[in-house]
Amino acid sequence: MRWLLVPLMVAVVALSGAGPALASSRVAPGQVAPPSALVLVERLTTDGALDATRPGRPEVAGFVSTLPVQQPLASRVLSLAAGRRVDAMDALEANPAAASGLADPATVERIRADNPSARFGRLPTTRVLASPGLEAAGLFALGPSGPAPAPGSLGPGDRPIVLRPGLLLVLAVPDAAALADLTGRLQWAEGAGPVMVLGLRAAPGRANTAPLLVLRQPGAGGLVTSSSTRRLGLVALEDVRPTLGVGPSEGDDGTVIRLTADPDPVAAATRVDRRVAALVAARTWAIPLLCLAAVLALFALVATWRGRGSPGRAASAARVLLALTLALPSGYLLASMAEPVAAQAWRAFDPGALRDPGAAVPWAVAWVAAGIAVAGALAAVALRLDRPATAGLPGPVVADPDRPAAGRTATATPRPRARVPAPALLGVVLLALVVGDLVLGGHGLSQPLVGGSAWDGERFYGLGNGYFAFALASVMLVAGFAPLSAVATAALLAGLGVADGLPRLGADVGGALTSMLTAAAALVVLAPGRPRARRVVLLAGLAVAAAVAVALGAGLGGPVSHAGHFAERLRHGPADAAGVVVDQLARNLRLLANSPFAWAGPLQVLLAGLIALRPPGQLRQLPGWIRRVLGLGALGSLLLILLNDTGVTATSASGLFLLAIPAWAWLDQHRPPSPPAPQPRSRPAEARH
C-alpha cells in the first residue's frame, strides 16, 4: 500500500499548487476575481487609463469613489486597506515630516487613535512596490499593530514583474505614462489572478471618482457595480478590500465588486465618463442660476417695498421670480430623471454618442436647459392658477327676465374661481417628484443638479441631504399656503420620514429622524393653545421611536446601508448611538470652519426664525399661521443640522424655501385689487317654437 502514497502525495501537491488557478476559474461570471496585483495610480484620467492598458484591452471597466481632494495619499491608501474611510490628515499635520514618505511609528499610532473603528491587516500576503515619492503606499500593508513595512522600489526599467498566486502585489505609480510602462513589464505565472488598476485621485471635472479597470479577468467582463452603490459603473473605495480575495468581514463598509455584463465595457465606461463630466459642468451652472433667480427676486421685493410710482410692476416681477425659484429644484430633478433615458435614446440613434471628449459640454447645456424649461413651465402654470379668487369665470347662461321675450338676451352669471396658491402647488410637485423618483430607483436623485451626487461618493443611493432639505421645506410651503391643520402637517412630515427612512427608498436615517421630530413639533407649534411639557416630551419620544422603527424594521438593506451603520452604533449601546449626533455636529462645524459658503444656509434659517419670532416692520402684519409654519420650518432645519453630517450645507436649500414663505405672504397681502370680471357678451335668446 505504500506505493499508493507516492502518487497520492503528488496529486495533493499538484492540486494545492493549482488551487489559486482553480479558484479563479470558479469565480462567478458576475464577480471580479481576486486580483494578484493592485495598481494604484495617483493621477489618472479615463482616457489615460484606457490608452495605457490598450494592449491588454480591459475586460472590466468602471469607476471607484475617491476621498475629497484635501485628503492626503496616506488616507486614500489606508481607506482601501481597511475597507472603510480613514482620516490621516490630523496625524500628518501634527508631524509635517511624515507627509512626504512612509509615516513613522508615532504618526501611525496617532492614525490608529484617530480612527478606532478601522481594522488593518485583514489582507492576503501582501508586498508593496512604490515609485519614488509614493512611499506612503507602504501603509497598505499596515498590520493591526506596529509600524508599516517599508515598500520596495519600483523604479524605471525593463525588468519583468512576475505575478504569482497566493501573493498580492501592490504597485504604486504616479500617472498614466508610468502605468503604460508598468503594464508592459507584467508577467503572469501559472495560476495568477487578474490585475486591478484604480486611480487614487479624481481627475478635474469628475467629482470624486477615478477609473477602475481589471485586466485578464477570467470569464465574462462588463461594468462594475456593488451593493454599496447600486449604481451601474460605480463602486465604493470600501469595496476594494473585500474583493481582494478574503471576502467581506466585520469592520468592512463595503461588499465584493460585482459585474453587469456588457459586450464593450470600455465604450460603456467612456460614455459614463462623459456623462459624469456633463453632470459636474451642469451643476456648476445650475446652482448659480438658482441663486441668481433668488437674488433677483430679492431685488424685486426691495423695489416693491420702496416703490412709490409703480409698485405693481415690481411686485409682479417679484412674484414671477419667486415662483421660478421655487420651481427650479423640481425642473432640475425632472431633467436628471430624464437624463438616463435621453442618453439611451441618443445611443439608439447614434451608437457612438457620448464617446467624444467634447460631447460633455453640449450634453451639460441640454441638461440645464431642460431643467430651466420645465421650471419655467411649472412656474407659469402655478402663477396662472394663483390668480385672485375675486376674478370670475363665466357661469351658466340664463335669460334676462326684465326684457320682453322677443328681445330677451342670455347673460352669463359670474362664478368665483377657486384659487390655487402657487407655493403650495410647487411644494406638492416637488414632493411628488422626490417620492416618485425614489420608487423608480432614485436615478434622478443620484445625479442631481443641486446637492451631492453618487459620483461625489457621499451618498450613492436614496435621498441626499440637499433634496431632503427641499422636501422638508416644501411641506412648509404646503402647510402655510394650502393651508393644512396641525394634524395634516404632522401626517405629511411623517409620510416624508417613512419614505426617507426605508432602506429601499430614501435610506436616510438622519433625514427620517429630522422629519419625524419635526412632525412631533408640528403637533405642538401648530396646535391651538399653549403646549404642555409632558406632551412635548411624549411626542418627541414617539417621533424618535417611529424613525428608528422605519430605519431598522424594513430589513436594513444590508450591512453597508446607511441604516446598517446606524444599527451598528445602536448595538454598542445608547452612549455610542448618542455619539452619532456628536459626530454629525463635528462634521458640520468642520464645514463651517473650512468654507465661508457653508454659512449661507444657517444664516438663512436664523433669519427665518427671527422673522417668525420678531418680524421686522414690513413683515409685522403677516398672518399668525404663516409665522408659526415658518418657525416650524426653522426648527426642522435646525434638526437637519444636528442629525445630518452635511446639514449646514443642506440648509441652503431649506433656508431658501423658508424665506420665500414670508415674501410670498407679504406679496399676497399687497396684491392690487383685481379688475372686475369682464361683462359677458349678450346674445339673442333662441326663438321658441
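Reader: Why is valine 429 called partly exposed?
Author: Valine 429 has a relative accessible area of 22%, and the class is partly exposed because buried means under 20%, exposed means over 50%, and partly exposed lies in between (1.4 Å probe, protein chains only). This is a predicted model, in which local features need pLDDT of at least 70 and side-chain atom pairs count only at pLDDT 80 or more, while totals for chains, interfaces and linings use all residues. Residues are numbered from 1 along each chain as its sequence is written, and side-chain values use heavy atoms, with hydrogens and water left out.

Reader: Where is valine 429 found, and with which residues is it in contact, leaving aside neighbours within four places in sequence?
Author: Valine 429 belongs to helix H12, where helices (H or I, at least four residues) and strands (E, at least two) are DSSP runs numbered from the N terminus. With those neighbours set aside, valine 429 is in contact with Ser330 and Leu378, contact being heavy atoms within 4.5 Å. Glycine 331 lies 98 residues from valine 429 in sequence, and the C-alpha atoms of the two are 9.9 Å apart in space.

Reader: What makes aspartate 51 and arginine 54 a salt bridge?
Author: A salt bridge requires a side-chain nitrogen of Lys or Arg within 4 Å of a carboxyl oxygen of Asp or Glu; the closest N and O atoms of aspartate 51 and arginine 54 are 2.7 Å apart, so the pair qualifies. Aspartate 51, at 47% relative accessible area, is partly exposed, and arginine 54, at 48%, is partly exposed as well.

Reader: Which parts of the chain does the pair of aspartate 456 and arginine 283 link, and are the two residues buried or exposed?
Author: The side chains of aspartate 456 and arginine 283 meet in a salt bridge with an N to O distance of 2.7 Å. Aspartate 456 sits in the loop between helix H12 (422–439) and helix H13 (465–481), arginine 283 in helix H9 (residues 265–306), 173 residues apart. Both aspartate 456 and arginine 283 are buried.

Reader: Why is arginine 419 called partly exposed, and why does aspartate 386 count as buried?
Author: Arginine 419 has 30% relative accessibility and therefore counts as partly exposed, whereas aspartate 386, at 1%, counts as buried. Their side chains meet in a salt bridge at 2.6 Å, N to O.

Reader: How many salt bridges does the structure hold?
Author: The structure holds 16 salt bridges.
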